[in-house]
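Good morning, colleagues. Please look at the sequence and the structure on the screen while I go through a few of their features.

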Amino acid sequence: MAQDIEHSVTPHGEQAPSSTMVIFGAGGDLTKRLLMPALYNLARTGLLPAQFALVGVDRVEMGDAQFRSHVEAAIRAFAADKHYSQAIDEANLQRLLNAIVYMPLDFAAPASYVALGERLTQLKTSHGVSDNVMFYLAVGSRFFGGIVDQLGAAGLVTETNKQWRRVVVEKPFGHDLESAQALNTQLRHSLSESQIYRMDHFLGKETVQNIMLMRFANGIFEPLWSREHIDHVQITVAETVGVEARAAFYETTGAMRDMVPNHVFQLLALTAMESPASFDADAVRNEKTKVLDCVHTVNAATDSVRGQYTDGARDGQALKGYTSEAGVAPGSETETYLALKLGIDNWRWAGVPFYLRTGKAMNKRQSEIVIQFKRPPLSLFRNTATEGLTPNALVIKLQPDEGAMLSFGAKIPGPKIEIGQVHMDFHYKDYFQNAPSTGYETLIYDCMIGDATLFQRSDSVMAGWRIVQPVQQYWAAGGAPLAHYAAGSAGPQEAQDLLQASGREWREL
Ligand code: BG6
């Protein structure tokens with residue numbers, strides 16, 4: 001097992017220290033759409049190290065110049081995307097392109113890693129970079145273990161006091177508890193925990209980071225943030241996209257593995273965790289893991305719904321059902337939707353249900369957290385029973401409409417006492433200039449400066465898999481028939497029933 005060496009964290013906002021980034025999977029979609037534009041944005045904002053080199057590695061044969069022109073085309077193409085500024089900053093684009101080289105590499109061949117080591121040494125002379133190296137594994141999860149073994153065997157991840165070596169691992173980290181543990185053990189042969197940066201791109205989203213700030217940088221929310229005042233919590237990650245061209249991945253993954261132990265549980269942890277002792281990586285991650293450890297065993301038979309979309313329509317456009325999508329097996333049982341009811345066994349949350357739902361091909365793209373407060377204990381208003389009072393809700397809106405909304409009752413003007421629901425609505429765009437960002441800028445930068453707060457530690461990954469394990473097992477044993485929903489709808493009726501059983505309902509999408 002690798003020795004743990006502490007490196008100091010560069011203060012946020014300062015240029016990252018000199019380093020080389022090696023991207024495995026340099027020819028892939030993630031590199032093209034997100035990593036390269038994010039690096040360009042880091043160059044544009046002055047956070048990319050002045051002495052920086054990037055080695056793209058992948059299996060195809062290509063020269064440096066050809067790879068650079070692919071990168072340039074990708075950055076220019078995505079500059080028109082809503083995420084990025086329209087006008088390319090040519091000087092910074094050139095600076096980034098000059099830092100890029102390419103190496104064809106057979107992921108399984110030890111000789112390739114020897115050659116990679118030699119290339120890294122050459123870059124110290126040609127690009128004046130330090131010995132710090134970040135290896136970013138933007139490849140299928142089946143390659144993670146093998147690549148790290150090879151990096152270890154070639155001595156490329158050995159740290160000293162003067163150099164750091166870090167490995168960023170994309171999701172999914174395993175496909176169940178057992179495989180996640182096995183992968184972790186394999187990585188730990190070559191790497192210490194502090195060298196492993198497990199990616200969850202949701203944590204790069206401003207609105208997701210803002211959950212902690214809303215809770216802990218304000219005095220008014222936290223006193224209400226408990227079973228005393230909260231009736232239940234809803235977490236929704238609804239997508240309009242279907243499986244698109246990802247059937248090969250999605251068929252064996254499904255909505256649960258794709259979204260829940262990672263993205264959805266990160267939202268759950270940020271919403272429900274206790275305040276950390278500080279905003280240090282370990283203090284925050286301790287609290288997140290602690291609350292996930294308190295989630296009690298899910299009763300999959302009564303508290304889980306798995307769904308799959310069928311033919312449907314949105315805005316008058318016909319939409320294909322999942323089993324008619326390219327690459328999907330005709331009788332596929334893969335879930336494209338799920339809803340869960342969870343409970344958290346601690347003093348803050350005992351008895352407060354947390355309802356989670358996520359799905360593809362739904363009527364709306366909407367990710368949000370709803371904190372539904374309790375009704376007042378009695379109604380003072382004639383003709384309005386307490387049940388007639390709509391409870392207050394705080395809605396933390398994650399995407400695409402970014403902000404927060406508080407709903408409460410107010411008197412409808414007029415001689416009669418009548419209550420109407422009103423909203424206080426905060427939109428990010430009204431207050432803050434939207435800096436062009438993919439969400440990956442923060443994460444790449446944080447890895448370069450050595451701040452792991454927004455990366456998943458192994459215990460929280462395992463806690464996530466542990467929670468979903470009984471549900472996975474129950475579903476695998478055929479315990480939950482698929483609940484069908486039309487593409488373009490708000491999900492299956494069975495998910496509504498999950499809340500209606502206790503007189504509650506999902507916030508409308
Ligand atoms: C990915 C999942 O991790 O997150 C996708 O694999 C999903 O299936 C995506 O669509 C959602 O992320 P975002 O940032 O588009 O909301």
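I begin with helix H12, in which Tyr-440, Glu-441, Leu-443, Ile-444, Tyr-445, Asp-446, Cys-447, Met-448 and Ile-449 are buried. Please keep in mind that this is a predicted model. H12 spans residues 440-449, and nine of its 10 residues are buried, so the helix is mostly covered.

What do the buried residues of H12 pack against? Their partners are strand S1 (19-24), helix H1 (29-44), strand S2 (52-58), strand S4 (133-137), strand S5 (165-169) and strand S6 (196-198). After H12 comes Gly-450, with a positive phi near 90°.

I turn now to the ligand. Which residues are around the ligand? They are Lys-171, His-201, Phe-202, Lys-205, Glu-239, Arg-246, Asp-258, Met-259, His-263, Lys-360, Arg-365 and Gln-399. Sorted by class, this shell has seven charged, three polar and two nonpolar residues. Helix H8, residues 247-272, gives the most to the shell, namely three residues.

For Lys-171, a polar side-chain atom lies 2.8 Å from an oxygen atom of the ligand. For Lys-360, a polar side-chain atom is likewise 2.8 Å from a ligand oxygen atom. In the side chain of His-263, an N or O atom is 2.7 Å from an oxygen atom of the ligand. The ligand has 400 Å² of accessible area on its own, and the protein covers 79% of that.

Lys-171, one of the residues around the ligand, is joined to Pro-172 by a cis peptide bond with omega about 0°. Pro-172 has its place in the loop between S5 and helix H6 (177-190). Gln-399 is another residue of the shell, and its peptide bond to Pro-400 is cis, with omega near 0°. Pro-400 is found in the loop between strand S14 (393-399) and strand S15 (403-411).

Two residues other than glycine have a positive phi: for Glu-244 the value is near 50°, and for Ala-361 it is near 55°. Are these residues buried or exposed? Glu-244, in the loop between strand S7 (230-238) and H8, has a relative accessible area of 51%; exposed means over 50%, so Glu-244 counts as exposed. Ala-361, in the loop between S12 and strand S13 (366-373), has a relative accessibility of 4%; buried means under 20%, so Ala-361 counts as buried.

My last topic is strand S11. Why is S11, residues 337-342, described as largely enclosed by the rest of the structure? The reason is that five of its six residues are buried. S11 runs antiparallel to strand S8 (residues 304-310), and four bridges join the two. Within this pairing, Val-305 stands opposite Ala-339 of S11. S11 is also joined to strand S12 (residues 354-359) by six bridges, again in an antiparallel arrangement. Here Lys-341 has Tyr-355 in S12 as its bridge partner.

Thank you for your attention.

Notes
Residues are numbered from 1 along each chain as its sequence is written. This is a predicted model: local features need pLDDT of at least 70, side-chain atom pairs count only at pLDDT 80 or more; totals for chains, interfaces and linings use all residues. Side-chain values use heavy atoms; hydrogens and water are left out. A residue is near a molecule or strand if one of its heavy atoms lies within 4 Å of it. A polar contact is a pair of N or O atoms within 3.5 Å; within protein, one must be able to donate a hydrogen and the other to accept it, and residues adjacent in sequence count only if both atoms are side-chain atoms. Accessible areas come from the Shrake-Rupley method with a 1.4 Å probe; for residues, only the protein chains shown count as cover. Ala, Val, Leu, Ile, Met, Phe, Trp, Tyr, Cys and Pro count as nonpolar, Asp, Glu, Lys and Arg as charged, and the others, Gly among them, as polar. Buried means under 20% relative accessible area, exposed over 50%, partly exposed in between (1.4 Å probe, protein chains only). Two strands pair if DSSP finds at least two bridges between them. Contact means heavy atoms within 4.5 Å.
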